[in-house]
Amino acid sequence: MESGEDSGQRVGRNGGSLPEYSLDEISRHAEKDDRWITVNGYVYDVTNWARGHPGGEKIISGYAGHDASEAWYAFHRDKPYVSKIMQALVIGRVKVDRQQMSDGQKIKEELLLEDFHKLRSFAEDAGFFRPSPLFYVLTMAHILLLEGLGWWILWTFGIGWTSYIIAACCIATSQVQAGWLQHDFGHHSVFESTRVNRYFQIFFLNFFKASSNYWWNFRHNNHHSKPNVIKKDPDITLAPLFLVGETVANEYGQKKLSYLPYLSQHKYFFFVMPPLLVPIYFGVEIPYFLIRRHRWKELFWIVLFAVRWYSLFGPMLGFSGGLGLYFFVRVLESHWFVWASQMSHIPMKVDYDHNRDWVTAQVTASCNIEQSLFNDWWSGHLNFQIEHHLFPTMPRHNLVKVAPLVKSLCQKYDLEYNNKPLLKGFSDVVKSLKDSGQMWYDAYNS
């Protein structure tokens, strides 16, 4: 069963019939200067085109030599338009291998994907991919109101400790919620138009948060395409600072690498990741990323943020006071962001790429946090991480509707559907780091 839309009968580049290529032949084209992918039974040579891929070159390289049908369908909303672009890249069809089709594991994967396609078709027909305008209007309004409230508190009550901390908490909450909102625009979940989604993402991420939509899309698309895959998912690439998962911990131990006291990484985690990820690491990585790629327009948006920030808070706090408030807000935001984002992936299996089917790869790398009004708001509905990874373009307020169907699909195919309380999600991050540290220690001393 095909997972995507087809734009019609394809022909070879010279107008003739398309040749057929075996999966073994396709798998040999996985180098930087020779990259093929397959989508819906067709073979595409993306060697020269990959650098211009709107979602980034790395996401293409992650599927080089393999089938990218499910990822293609999940990430693209305007499928007929994308299909037309891809017609110039088609070089053949996938040759059906009867022997591989008789393999028991392959049959199970085909049945799983067939049921997943049915589930997705039902979700599309049921309107689960249609956004609620009211939801997004209220979300945008409360973000702007929270920052306005923080400014009003400082303006009205002065720069006392109480008013300063309350105002900073309001602004930090606004910044975090803007981060969840831009995430929706980045996944093209709000508007039909890709361009309109991008404009709104630029406003809430670049202008409102002093970040970069180009940088975010690069990182986040790679995370979604290969979650918890070593060397392909930037979100779990934390070594040598932290060793995440059994594989990396054992490798470091066996190689006698001891850059840090990894046996205590679950302890120094509290002093490094939550307070410093956003203000220090992202604060350095983003400008470096943009300068290296000559993304001057993106840097201009960061300058505009600085103008906006000092226009609001400079008259009350001065230059050093405004800078101090900025970093205090970033530290508060960083704590919130780290716990909300890491609890869904760090405790899950981390390994090298085994090219598992889309459903298995996403479910085994993600876990959910129990649904509640607070959890939904606090995490930007990313407590439905499994559903979000399976359907990245689905508006977040509809993830709760598809969750029971996803859970049933997992039960049918013996896939563990992890759903835990919020506090257990926090504690599992620490436990996972402690376990990885112990694995490193045992391997190091064996």
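Start with the whole protein selected: among contacts (heavy atoms within 4.5 Å) between residues at least 6 apart in sequence, 72% join residues at least 24 apart. Before going on, please note that this is a predicted model, in which local features need pLDDT of at least 70 and side-chain atom pairs count only at pLDDT 80 or more, while totals for chains, interfaces and linings use all residues. Residues are numbered from 1 along each chain as its sequence is written, and side-chain values use heavy atoms, with hydrogens and water left out.

Next, switch to a cartoon view, where the secondary structure comes to 18 helices and seven strands, these being DSSP runs (helices H or I, at least four residues; strands E, at least two) numbered from the N terminus. The radius of gyration, taken over C-alpha atoms, is 23 Å, close to the 22 Å that the globule rule (2.2 Å times the number of residues to the power 0.38) gives for 446 residues, so the protein is as compact as a globular protein of that length.

If you then show the surface, keep in mind that 53% of the 446 residues are buried, that is, under 20% relative accessible area with a 1.4 Å probe, counting protein chains only.

Now select His 76, which sits in the loop between helix H3 (69-75) and helix H4 (79-86). Which backbone oxygen does the side chain of His 76 reach? The side chain of His 76 comes to 2.7 Å from the backbone oxygen of Trp 72.

Key: Polar contact = N/O pair within 3.5 Å; in protein donor to acceptor, adjacent residues only side chain to side chain. Buried < 20%, exposed > 50% of the residue type's maximum accessible area, 1.4 Å probe, protein only.
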